[in-house]
There are 2 protein chains.
Amino acid sequence: MDRKALDRAFNPRCVAVVGDKMATGYVWLRNMSTFTGKLYSVQIDPSELPGIEKLGIKNYRSLLDIPEAIDYVLVAVPRGVAPRIIADCIEKRVGGVSLFTSGFAETHSEEGSALQETLVQMALAAKLNLIGPNCMGVFNPKLGVRQDVNQYHGRSGPVGFISQSGTHAIFFSQVGARHGLLISKSVSYGNGAVLDSADYLDYLSEDDDTKVIGLYVEGVKDGRRFLNSLRQATRRKPVLVWKGGRGEEGNRAISSHTASLASNPLLWDSLIKQCGAMNIDNLDEMIDCMKVILYVNPPQGKRVALVAQSGGQSVVIADAFTRVGLTAPLLSPSSYQQFAGFFNIIGGTYLNPLDTSWHAPSIKDSVRILDIVSTDANIDSVVAELSLPFLSQIWDFYPPYLDDLVAALADFKARCSKAFVVVISAGQLEEEGLSLRGKLAERGIASFPSFDRAARALAKVAHYRQSHLA
Amino acid sequence: MDRKALDRAFNPRCVAVVGDKMATGYVWLRNMSTFTGKLYSVQIDPSELPGIEKLGIKNYRSLLDIPEAIDYVLVAVPRGVAPRIIADCIEKRVGGVSLFTSGFAETHSEEGSALQETLVQMALAAKLNLIGPNCMGVFNPKLGVRQDVNQYHGRSGPVGFISQSGTHAIFFSQVGARHGLLISKSVSYGNGAVLDSADYLDYLSEDDDTKVIGLYVEGVKDGRRFLNSLRQATRRKPVLVWKGGRGEEGNRAISSHTASLASNPLLWDSLIKQCGAMNIDNLDEMIDCMKVILYVNPPQGKRVALVAQSGGQSVVIADAFTRVGLTAPLLSPSSYQQFAGFFNIIGGTYLNPLDTSWHAPSIKDSVRILDIVSTDANIDSVVAELSLPFLSQIWDFYPPYLDDLVAALADFKARCSKAFVVVISAGQLEEEGLSLRGKLAERGIASFPSFDRAARALAKVAHYRQSHLA
């Protein structure tokens, strides 16, 4: 990997799309329509030229004709044409090239495998940063370099994402954005024929904009090198590894998806853990754990204060958090003395778990409860339930209620030195739950849609930090 | 339990609310405002009478003054007044009475416990069906008898729900409705001082409108009787048991919530299973398993056909379903022969898992794929992914697309003799995902928001049916 050149590909000033066409709705030129730098098309078919012109994009018949340096190239030509384009990329000394083109090793055909081998030898000999083939390439939201026309642009965040699958790269960016997780740089790398996960780990672990790395991987070409890069990366920032293809059926799928080879899942998990990375099972867990890593103070132990808004929820919040190995101990006497002064809600109780009762206390008293438990010496983490069916009875009368509550929770979070997470019990108000999650995320507060998801993520990250520091 | 009288309480023609007041916004009279029969108020405080009159509800100073038979009474008086009201209920020979009033055994005070004991002795001596205390009582949506002002009314379904917690009774009814699970009858029974879970199990197991029973329980007074009733009930219909209060912390919470005693969770789970019921861990699992029980043909084995809409999803759908012990075997040669005739989607594969590619095939071809896999002798269950980020690119151009797709899936389901579930991969389109789930539920199609939730529910119900039939 030529790091300096790859840096050009991830942060391009000039991009070329090769081979886009009307039949696919000029999807790549539209993906790149938000690019803040200079965008060119390369297409030799005269029948495609009016459509490209209509998009306002200058077309050339060859990469070599473009009168300036090209940092990143996205290639969507038929596979037989790919070697000629790669030769042009080499001659043009581009920063990097993504081959959207598929039909290579993943087809398990002699022709496809031979073609891929040709590309690999060309790229290696010329030290060309070849991404893919069979991939969606680079996503740099700040610069508007995209993998999909529905991805955001003009804003960015601390999350680096490396994905062997285009779907998972795109889904993660889009679902993550709904949870307040924005991308610094992401790459979908498909067959990983030249640059593999290890290269992208090396690159993102030294990228200052990236504070945490997520990886969706189906297989690695060089296991020793991968583990070495992973070990280096986890010394600098947390890395979450989601391995696709764990049994016979999943392996059948990875073989036809990215031509990846099967690996023993238990051995894999154990090696990942030894390298200081987190094993992740699915998209939800990737999102949940990243939220805890980025937006929750590291818990210093297993002791949680659980603040529910009804008796029934106080029972099952305790079950959820203790099931994953956390504890909800009694608070210090001084906390109970403070509660006795104002916590006289009928039906409520304040041992731990706390039940503030569905006659929700005022925002002031709610935050006072959080301040007391969060400064208690017996407590490492604070979990607060927001029960929308109950709270809606307040906001029906006083519409600004939720905004006031979110502002008060943000103030609380700013002075809280412990881990703090919110669980939104949306009940039937699912849309309102999504909206509240967005409001909380804007203020840097991690929220979860169920006690169990919050508990699993908090416990997993707490356990990870403990074993990682040990 | 007097079954005939309890039947009057669950299906009342005449309801009385005792002790409702302005300070709580006449919450109980408003809950009952949808009741289709005759509703009376009983209140002696003259300052409350104008408010009650304003609601258009006739008030009496005593239950005994009401000039007709009362089937169901909801009592919201201070605890000290409760014995006098119960005496009136006995004299009036009401069908049943729910005590919303709290402050009894769950306070662990001498006064509260003694008062509860007084009520218990009165009720037992008179064979009065006393529900609670410390509960939200009966929900009969068809008749508009409600526990909460935001519960639905005028429609009903096949789900009976018995809950020691008012919150869980109300939440389940409201969340369930969003998933197409409607209530036949539900009861929140709090401390269960007289009638306990065993009584409600006996009642609902013989209720023809109830096809499946969910139970949220914190503790039982008479373990032997409970297990006996549970065993009887599971002979007639599936029963799902969610036990709240599993560890030290949860037990602390149930003690102050409903005065329930701790039990050994592993022993509990094993006894529940021996009685032929399903152990459930949380609300989501209750909802998911009920959907499979009610709306999915019983799978005859562990073999699933997995139809995903991209390569990346074909990998992780396989991981999710095999992780829970199901298998995704290769299909029969005849299925592959049929696929070869029309399944030529670039990038797609049709081993198993299938990847129909994100160039989504036409609705006709999509359903053709489902017909082929569902009639394959190697397959017991069919799982179809609907990936909204991809499908939205179709409905952007052709808005009726989703409705057409739902109609075609409903037709498919009608002729499909295997288990069939849908997974909605909503991506960033979460609100659209909720809406699609509703459309599918209206047609009796069970959908899930992730592969993992679908897999766990399908595996759990398949396993349950297998061991239950064995």
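The sulfur of Cys89(B) sits 12 Å from the closest cysteine sulfur, in Cys14(B), which is too far for a bond. Cys416(A) is in none either, its nearest cysteine sulfur being that of Cys289(A), 20 Å away. Both cysteines are tucked inside: Cys89(B) counts as buried at 0% relative accessibility, and Cys416(A) counts as buried at 7%. Buried means under 20% relative accessible area, exposed over 50%, and partly exposed in between, with a 1.4 Å probe and protein chains only.

Some ground rules before going on. This is a predicted model, in which local features need pLDDT of at least 70 and side-chain atom pairs count only at pLDDT 80 or more, while totals for chains, interfaces and linings use all residues. Residues are numbered from 1 along each chain as its sequence is written, chains are lettered from A and ligands numbered from 1 in the order in which they are written, and side-chain values use heavy atoms, with hydrogens and water left out.

**How the two chains relate**

Two copies of a chain are related by a rotation about an axis and a shift along it. Here, a rotation of 180 degrees with 0.0 Å of shift along its axis puts chain B on chain A, with an RMSD of 0.0 Å. That is the relation of a two-fold axis. In chain B, the C-alpha nearest the axis belongs to Glu431(B), at 3.3 Å. The superposition is by least squares on the C-alpha atoms of residues with pLDDT of at least 70 in both copies. As for the interface, 100% of the interface residues of chain B are also interface residues in chain A, so the copies meet through the same surface. Contact, by the way, means heavy atoms within 4.5 Å.

**Helix H4 of chain A and what follows**

Helices (H or I, at least four residues) and strands (E, at least two) are DSSP runs, numbered from the N terminus. Helix H4 of chain A covers residues 82-92, and its buried residues are Ala82(A), Pro83(A), Ile85(A), Ile86(A), Asp88(A), Cys89(A) and Lys92(A). What covers them includes strands S1 (14-18), S4 (72-75), S5 (96-99) and S6 (130-131), along with helix H5 (110-126), of chain A.

Just after H4(A) comes Arg93(A), with a positive phi of about 55 degrees. Arg93(A) lies in the loop between H4 and S5 of chain A, and at 67% relative accessibility it counts as exposed. His108(A), also not a glycine, has a positive phi of about 55 degrees, and its place is the loop between S5 and H5 of chain A.

| Cis peptide bond | Omega |
|---|---|
| Asn352(A) and Pro353(A) | about 5 degrees |
| Asn352(B) and Pro353(B) | about 5 degrees |

In chain A, Pro353(A) is found in the loop between strand S14 (349-350) and strand S15 (354-355). In chain B, Pro353(B) lies in the loop between strand S14 (349-350) and strand S15 (354-355).

**Helix H7 and its surroundings**

Two packed helices are described by the angle between their axes and the distance between the axes. In chain B, the axes of H1 (residues 3-10) and H7 (residues 197-205) come within 11 Å and cross at roughly 80 degrees. Axes are lines fitted to C-alpha atoms, for helices over the stretch in contact, and angles run from 0 to 180 degrees between N-to-C directions. H1(B) and H7(B) are therefore roughly perpendicular to each other; angles under 35 degrees count as roughly parallel, over 145 as roughly antiparallel, 65 to 115 as roughly perpendicular and the rest as oblique. From H1(B), Arg3(B), Leu6(B), Asp7(B) and Phe10(B) meet Tyr200(B), Asp202(B) and Tyr203(B) of H7(B).

Over in chain A, Ser197(A) is in helix H7 (residues 197-205) and is buried, with a relative accessible area of 0%. Leaving out residues up to four places away in sequence, Ser197(A) touches Tyr189(A), Leu215(A), Val217(A), Val220(A) and Phe226(A).

Back in chain B, Phe161(B) belongs to strand S8 (residues 159-163) and counts as buried at 0% relative accessibility. Beyond its neighbours within four places in sequence, the contacts of Phe161(B) include His168(B), Phe172(B), Leu204(B), Leu215(B) and Met286(B).

Note on methods:
Disulfide = S-S within 2.5 Å.
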